[in-house]
Amino acid sequence: MPDSRLNVTWGDPTQQRSSDTFDTVMFAIGRRAHTADLNLASARVELNPNNGKVITTAGEQTTASNIYAIGDIIDGGLELTPVAIKAGTLLARRLAGTSERLMDYGKVPTTVFTPLEYGCVGKSEEAAIMEHGEENVEVLHAFYKPLQYTVAERDASQCYMKAIALQSEPQHILGIHMTGPNAGEVIQGFAAAMKCGLTQEHLEGTVGIHPTVAEEIVKLHITKRSGADATVTGC
């Protein structure tokens, strides 16, 4: 563009296309595991030929029954250090015969520690719609203003959060996403709640700690499909 900005068009898994203008664009092309020189075929360990990662069962067992894999090398797994640590701990306990618990890869919280943090746990809105259908998914969202932004009169237009829930009762929460200060600290607690079967009724029945960012999640009540203004006003 004449002002050196970039006009970007992109698509998502639902085939919807969007476009916007940006000053800077960063992109990643993915990772490929360095397994080619390990001769895993001789041990009957199968790899995904597209990325070199190891194919495993839900219990991290490879196609060779006596060989297991954990961490970044798992095909379809999450490339996060805490995930590898937890999966390894649970695997060791199963192999020792002291537990049968499997790693839950579906409710893993994570945060991107950019200047404005992004934190999430559970499914994305797009993934929830693909799995359950748009008519069966409710998205509650809000644009909020953290107290420290109010006092300093900072722009809070990028502070946003949403909870993705099933429409049918008891409206289990499928995912929570937010951008804002201390997103990681906030999401960690809600991740534990989701492991316990968090529902929209639980959120509505929870008293928020005022004034905090986390209270805005339990106050979510405006649905995306309503088209109503989701900007939080007052207390």
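Tutor: A residue counts as exposed when its relative accessible area is over 50%, and as buried when that value is under 20%. The model is a predicted one.

The protein chain is split into domain 1, residues 1–105, and domain 2, residues 109–226. Taken over C-alpha atoms, the centres of domain 1 and domain 2 lie 25 Å apart. Contact between the two involves 5 residues of domain 1 and 4 residues of domain 2. About 360 Å² of area is buried between domain 1 and domain 2, and carbon and sulfur atoms give 71% of that area.

As for charge pairing, the rule finds 1 salt bridge across the interface of domain 1 and domain 2. Asp104 and Lys195 form a salt bridge, with 3.2 Å between the closest N and O atoms. On the side of domain 1 that touches domain 2, the residues divide into 2 nonpolar, 1 polar and 2 charged.

Now the cysteines. The structure holds 0 disulfides. For Cys196, the closest cysteine sulfur is that of Cys120, and the 19 Å between the two sulfurs is too far for a bond, because a disulfide requires sulfur atoms within 2.5 Å. Cys196 has a relative accessible area of 71% and is therefore exposed. Cys159, in contrast, has 0% relative accessibility, so Cys159 counts as buried.

Definitions and conventions: Residues numbered from 1 in each chain as written. Predicted model: local features only at pLDDT ≥ 70, side-chain atom pairs only at ≥ 80, totals over all residues. Heavy atoms only, no water. Domains from an automatic or database assignment. Contact = heavy atoms within 4.5 Å. Buried area = accessible area lost by both parts, 1.4 Å probe. Salt bridge = Lys/Arg side-chain N within 4 Å of Asp/Glu carboxyl O. Nonpolar A, V, L, I, M, F, W, Y, C, P; charged D, E, K, R; others polar. Buried < 20%, exposed > 50% of the residue type's maximum accessible area, 1.4 Å probe, protein only.
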